[in-house]
Amino acid sequence: MRQAKNGPTPGESALDRGAGCRQFGVQVLRGQAQVAFLSSVPAGLLFAVALFAAGWEYGLYAIAGTALGTATSRLLGADRERVSTGLEGFNACLTALCFAVFLGAGHLSTALLAAAGCVVVTVVTAAVVNLLGVWNLPSLTLPYCLLASAMTTAAPGFERIWHHGDGLAALTSAATGPTSLGFSDLWHGFFTGFAQIFFMPQWYVGALVLAALLVASRRAAAVAGVGSLVGILSAWALGAPAAQIADGTMGYNAILVMLALCGVFLEAGPRTLGYAVVGAFTATAATSAMAAVFAPSGGHMFTWPFVLTTFAFLAAARSFPELRTSAPSPAAPEPMSAGALSAQPPAPQAP
């Protein structure tokens, strides 16, 4: 009788389970939002709506991938704050979507491989966080890029997971097609740049992604809008074909770089805005470079231009005292230490 009295009642157990499920749901939605450096449940929900609008299978892969990555990190005992703010879910979200888009969402082999990929990318994330922490750099989407590049390069060699006939390997060639932009190219390119962050080509998906940014932070939406414009204008100035600008593939890396360098890892202000614009231009130029680098092996550029450009500009910011890190915040992905980007290099850390 004493044991029954002191033990949890059925009602209490149900309440605990309900609270745990709600907490997990919040973590999953924040994980989706962290694809765009947000820790916002409404933004994560709108991102999910955008992906379901593109196709129910893509929305399902994204939600399931984020949930699996989050659950894996919880099971392995990852840092609670990282799990709570969604930092353990966004790489898994992108990994699952990548597998669905490039291998075909309707195949059982894709679903199984995506599930395994979400578990693996969670482990890779921990490794990247620990390695880059030595230099006070955030992991960004590097874990997903590593896994996605390996998958697209290797997949054509396995008949049970590759269902598209010939592989993706191709020799690079000079760009062709008209470079003059019409009004339709401009507005399509502006919105599809946001959609391409999630591999989607539909302008209305991009409009929903932008709406999610606006709901979470008007500043972030404005900075991202500037990034999309910089990507479009940079690509046009360099002579990219209008079709590539209109489909958003020349703009999404610029959007992510703008967000990272103006308000997330560096305090938003006139100097950092200009600094981020230069970074967005650099990422746009690097987009074609990375596409050429990966083409012979059948890979894809993914967000490599964003990752490499952001690393370079954050590391360089240590030499510019007028550029300061953003104050650590639960909403900020992997906020760096207060002196991370000071003019002096960080002091050695004890093992």
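Contact here means heavy atoms within 4.5 Å, and buried means under 20% relative accessible area. The model is predicted.

**Overall composition**

The protein chain has 15 helices and 0 strands. Of its 351 residues, 49% count as buried. Among contacts with a separation of 6 or more, 72% come from residues 24 or more positions apart.

**Helix α13**

Helix α13 spans residues 252-264 and has 13 residues. The distance from its first C-alpha to its last is 17 Å, close to the 18 Å expected at 1.5 Å a residue. Since 12 of these 13 residues are buried, α13 is largely enclosed by the rest of the structure. The buried residues include Tyr 252, Ile 255, Leu 256, Leu 259, Ala 260 and Val 264. The helices against which the buried residues of α13 pack are α9 (183-195), α11 (218-238), α14 (270-294) and α15.

**Two helix pairs**

Two packed helices are described by the angle between their axes and the distance between the axes. The table gives these values for two pairs.

| Pair | Axes come within | Crossing angle |
|---|---|---|
| α13 and α14 | 8 Å | roughly 150 degrees |
| α8 and α15 | 10 Å | roughly 140 degrees |

Angles over 145 degrees count as roughly antiparallel, and α13 and α14 are therefore roughly antiparallel to each other. The crossing of α13 with α14 is right-handed. On the α13 side, the contact is made by Asn 253, Ala 254, Val 257, Met 258, Leu 261 and Cys 262. On the α14 side, the contributors are Thr 272, Leu 273, Tyr 275, Ala 276, Val 277, Gly 279, Ala 280, Ala 283, Thr 284 and Thr 287. By class, this contact of α13 with α14 comprises 11 nonpolar and 5 polar residues, with no charged residues. The α13 residues Asn 253, Ala 254, Val 257, Met 258, Leu 261 and Cys 262 are also among the buried residues of that helix.

The second pair joins helix α8 (residues 142-154) and helix α15 (residues 304-316). Helices α8 and α15 are therefore oblique to each other, and their crossing is left-handed. Leu 142, Cys 145, Leu 146 and Ser 149 of α8 meet Trp 304, Val 307 and Phe 311 of α15. The contact of α8 with α15 has 6 nonpolar residues, 1 polar residue and no charged residues.

Technical notes
Residues are numbered from 1 along each chain as its sequence is written. This is a predicted model: local features need pLDDT of at least 70, side-chain atom pairs count only at pLDDT 80 or more; totals for chains, interfaces and linings use all residues. Side-chain values use heavy atoms; hydrogens and water are left out. Axes are lines fitted to C-alpha atoms, for helices over the stretch in contact, and angles run from 0 to 180 degrees between N-to-C directions. Helices (H or I, at least four residues) and strands (E, at least two) are DSSP runs, numbered from the N terminus. Angles under 35 degrees count as roughly parallel, over 145 as roughly antiparallel, 65 to 115 as roughly perpendicular and the rest as oblique. A crossing is left-handed if the near helix is turned anticlockwise from the far one by less than a right angle, and right-handed if clockwise. Ala, Val, Leu, Ile, Met, Phe, Trp, Tyr, Cys and Pro count as nonpolar, Asp, Glu, Lys and Arg as charged, and the others, Gly among them, as polar. The expected span of a helix is 1.5 Å times one less than its number of residues. Buried means under 20% relative accessible area, exposed over 50%, partly exposed in between (1.4 Å probe, protein chains only).
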